[in-house]
Amino acid sequence: MNTNYLDTPIEYIKGVGPQRADALKTELHIFSAEDLIKHYPYRYVDRTKFYKVREINADIPYVQVMGKIIDMRTVGEKRAKRFIATLKDETGEVELVWFQGIRWIEEKIKYHTTYIIFGRPNIYNGKINLPHPEIEEKNEENTTLASAWQALYNTTEKLKFKGLDSKGVGRIIKTAVSGLATHPIEETIPKTIIQELKLLDISSALKNIHIPANADLLKHAEYRLKFEELFYVQLKLLRSKLIRQKTYAGFQFSKVGDYFNNFYNNHLPFPLTNAQKRVIKEIRVDMGSGKQMNRLLQGDVGSGKTLVALMTMLIALDNGFQACLIAPTEILAQQHFQTLSQLLQPMNIKIGLLIGSSKTKARKELHELLRNGEMHLLIGTHALLEDEVQFQNLGLVVIDEQHRFGVAQRAQMWKKNTQPPHVLVMTATPIPRTLAMTLYGDLDVSVIDEMPPGRKPIQTIHRFDSQRLKVFAFIKEEIQKGRQIYVVYPLIEESEKLDLKNLMEGYESMVREFPLPNYRISIVHGKMKPADKDFEMQRFVKGETQIMIATTVIEVGVNVPNASVMIIENAERFGLSQLHQLRGRVGRGAEKSYCILMSSYKLSTEAKTRIETMVRTVDGFEIAEVDLRLRGPGDISGTQQSGLVDLRLADLAKDAHILQQARNIASELLSTDPNLEKPEHKCVVINLKRLRKDRPNWSRIS
């Protein structure tokens, strides 16, 4: 792109000036002409259509009406003050209401003058009104201008005070776009790709995304700009993968030896599923290739990822290397340590645990065993990242629930050997394919899409608060059968008094309903000291308590096969992936298990969709797709990853076909020109540099 015009500071665009520029920078992070032009509309309305007053109803998103002002009045005082104008046409009257900018509106509006009004219908006290509508005196020019698609732009209350409501923002964007006619910009995609896909040129696309001549051109403009966004995301990921493969040789694990074969033939707790076998084969190929492995392992709760990780670590041991597994919480690290210790008990393998609460003496002994190579496997938390944790020969790092770790933390593990160890990252949060391609496009992805035999599907039921007595009766039946129960309360932040109060009230009502000596109850929440929390957890794990009342601290890491019921209170306040994770805490034994979602009758449309999805399916990938549609990629991927999917226009939930096409074309381009040296790819190099300044690539594990 030509840098001169697009790099123009925002204050020098006509209609902006210093004060508006400061507001645009603060509120919308718009600093240049390019930022302004790439502040795309969030929707469009057909301004050719005029509604009659009698046709207006609250189901119509926006209406445009024409009529005369027949009455004006200011009512209320101070904060409750509002200005009301009555608009009349030949079919009826409707009230226009302003709560802010009242003095400006009072001065602007005139009696018995015809106005064009545009706004969102609202119902108040059973009557339709139009709050804060756009209002413009009718004249020949605006009647003509109304005969086109009008773009609507995101703005803020502070910008509205500066005259930059949706229309005001649109006005300065049109000024910036008109500058493209006299300041042509260079193409950002190679001509061969534009011709192959019949894409609009960049200038036409930018013009028609803001000022579409017709619906067809708008569609082509959207496609072109979405493709470009996704093309560069994929190109960056695929290039980083190529560069890593060329730069970093991997330790070559050339053999599968006694450790692996002994475990596989003699100590496997249950037969591997075909999915587990397939994934282990993919991992073996990676680690034997001489290239460093960077693989993402996806699998639903209970699909057997830990067993795959263990067998991968045994391959490292067979080749004379050490391995480690990092978990996000002490509870999960301890659980992994116990599970692996039990599985490896008959074998001569030294396994250690290193967590934040490990005693100084134990740490020193462990450090010594790691350095001299006597410690084969190390399980731990962030404590493993510390500089004093030195291995003799670390060959494999397994990272569990990888979204809980920042990029910098993961990179720490690369320094634990002379060349980077192989990396296997695992997640029990199924990631939709489009999101995996975007977040982890530089990783190879393996999926365990099959559950071990014998696991019964969990029955999920929705109950309203008014049905609580029936739920209590059901709990008593399950406890009489010898089962255990989880009751989980939402706790968005540990400091929220309201949530903690809800949990304590729930605990008290449970104690009343389930008195000693027949029922014993554990309670766990984030405000407890770690030792107290672990004590309560262990009581439940050992079966000394029948009911565990907890916040989401038990979302990851508690494995109690005897627990058969998960009750989630205020289920409407949880995200879908969190509900699915919590449900995965039960169904780990041979008995039929249940998940009961408790809610009030007042449910938003989204909450209803989440609950209906949970009741309908236990397929984590289907749930993840719904979650992506509801929440967007940033929320799902976690804060560390959200920078990469900060897309301006493309939508990963809706544009999967464009994403796949963009990835295929980026892959083809790199296969013929991996170093982007061809003259026709000069625009790609320029644009990559430009994009590098815009946002970091958070997806890389390196």
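In this predicted model, helix 7 makes the greatest contribution to the lining of the second largest pocket, with four residues. The volume of the second largest pocket is about 1000 Å³. Its lining comprises 30 residues, and H132, P133, E134, K160 and D165 are the closest to the pocket centre. Two or more lining residues are given by each of helix 4 (102-108), strand 5 (114-119), strand 8 (134-137), helix 6 (157-161) and helix 7 (166-178). By class, the lining of the second largest pocket holds 12 nonpolar, nine polar and nine charged residues.

The largest pocket has a volume of about 1200 Å³. A total of 40 residues line the largest pocket, and those nearest its centre are T306, Q335, T339, N559 and R588. The elements that supply two or more residues to this lining are helix 13 (305-318), helix 14 (330-344) and helix 20 (530-541). Among the contributors, helix 14 provides the largest share, nine residues. The lining of the largest pocket divides into 16 nonpolar, 16 polar and eight charged residues.

| Pocket | Volume | Lining by class |
|---|---|---|
| Largest pocket | about 1200 Å³ | 16 nonpolar, 16 polar, eight charged residues |
| Second largest pocket | about 1000 Å³ | 12 nonpolar, nine polar, nine charged residues |

Note on methods. Residues numbered from 1 in each chain as written. Predicted model: local features only at pLDDT ≥ 70, side-chain atom pairs only at ≥ 80, totals over all residues. Heavy atoms only, no water. 1 Å grid on protein atoms, 1.4 Å probe; cavity = no way out; pocket = protein on both sides within 12 Å on 5 of 7 lines; lining within 4 Å. Points joined across faces, edges and corners; volume = space filled by probe spheres on them. Nonpolar A, V, L, I, M, F, W, Y, C, P; charged D, E, K, R; others polar.
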